[in-house]
Amino acid sequence: DRIRVLYRTSESNILPDFETITLVTSTTFTGTNADVAINDFVETLAGDWGGGLAKITAITAGTPNTYTVDKTFFASTNTARARYLNFRDLGTISDQAIQSNVFRIGEDSEWIQFLIYLEGSETSPQIDNTILDFEDKPL
């Protein structure tokens, strides 16, 4: 179980982008999108790995390209529909006993977008409340 918080402070003219990918192992897939880079995210929208979100950690150029991700899914060689996203990791909470956590963004921007990804079973993670505090804090 974990809560993964991502952010971006500028919009991309290239991503998000969509394509049908082919799963290769539990941590790799192939695709043909040349605009995807290491540290971008892939979200599987349909098919095996459906609903999954992972950071791209390596790209092996080829026809098609092979992408490696930071999450282990179940092994499959089927196709899936995917969306590539240009976000950055802000932090992850994976301790179920935690009562509060602070994530600090170390850059100034007039615009920010968050992507908060909850991953767990049907009974966890259990979240009582979430407070977003946007007051200026000294770094």
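Glu43 has Leu53 as its bridge partner in strand E5, where strands are DSSP runs (E, at least two residues) numbered from the N terminus, as helices are (H or I, at least four). The model is predicted, so that local features need pLDDT of at least 70 and side-chain atom pairs count only at pLDDT 80 or more, while totals for chains, interfaces and linings use all residues. Residues are numbered from 1 along each chain as its sequence is written, and side-chain values use heavy atoms, with hydrogens and water left out.

Two strands count as paired if DSSP finds at least two bridges between them.

| Pair | Sense | Bridges |
|---|---|---|
| E4 (residues 41-47) and E5 | antiparallel | three bridges |
| E5 (residues 53-60) and E6 (residues 65-69) | antiparallel | four bridges |

Between E5 and E6, Ala58 stands opposite Thr68, and Thr60 has Thr66 as its bridge partner in E6; a hairpin of four residues joins E5 to E6. The hairpin of E4 and E5 has five residues between the strands, and there Trp49 takes a positive phi near 70 degrees.

These strands belong to a barrel closed by six strands in the order E2-E3-E6-E5-E4-E7, with antiparallel pairing. Its neighbouring strands are turned by 45 degrees against each other on average, direction ignored, with axes fitted as lines to C-alpha atoms and angles running from 0 to 180 degrees between N-to-C directions.

Elsewhere, Leu118 is found in strand E9 (residues 113-119) and is partly exposed, with a relative accessible area of 49%, a class lying between buried (under 20%) and exposed (over 50%), for a 1.4 Å probe and protein chains only.
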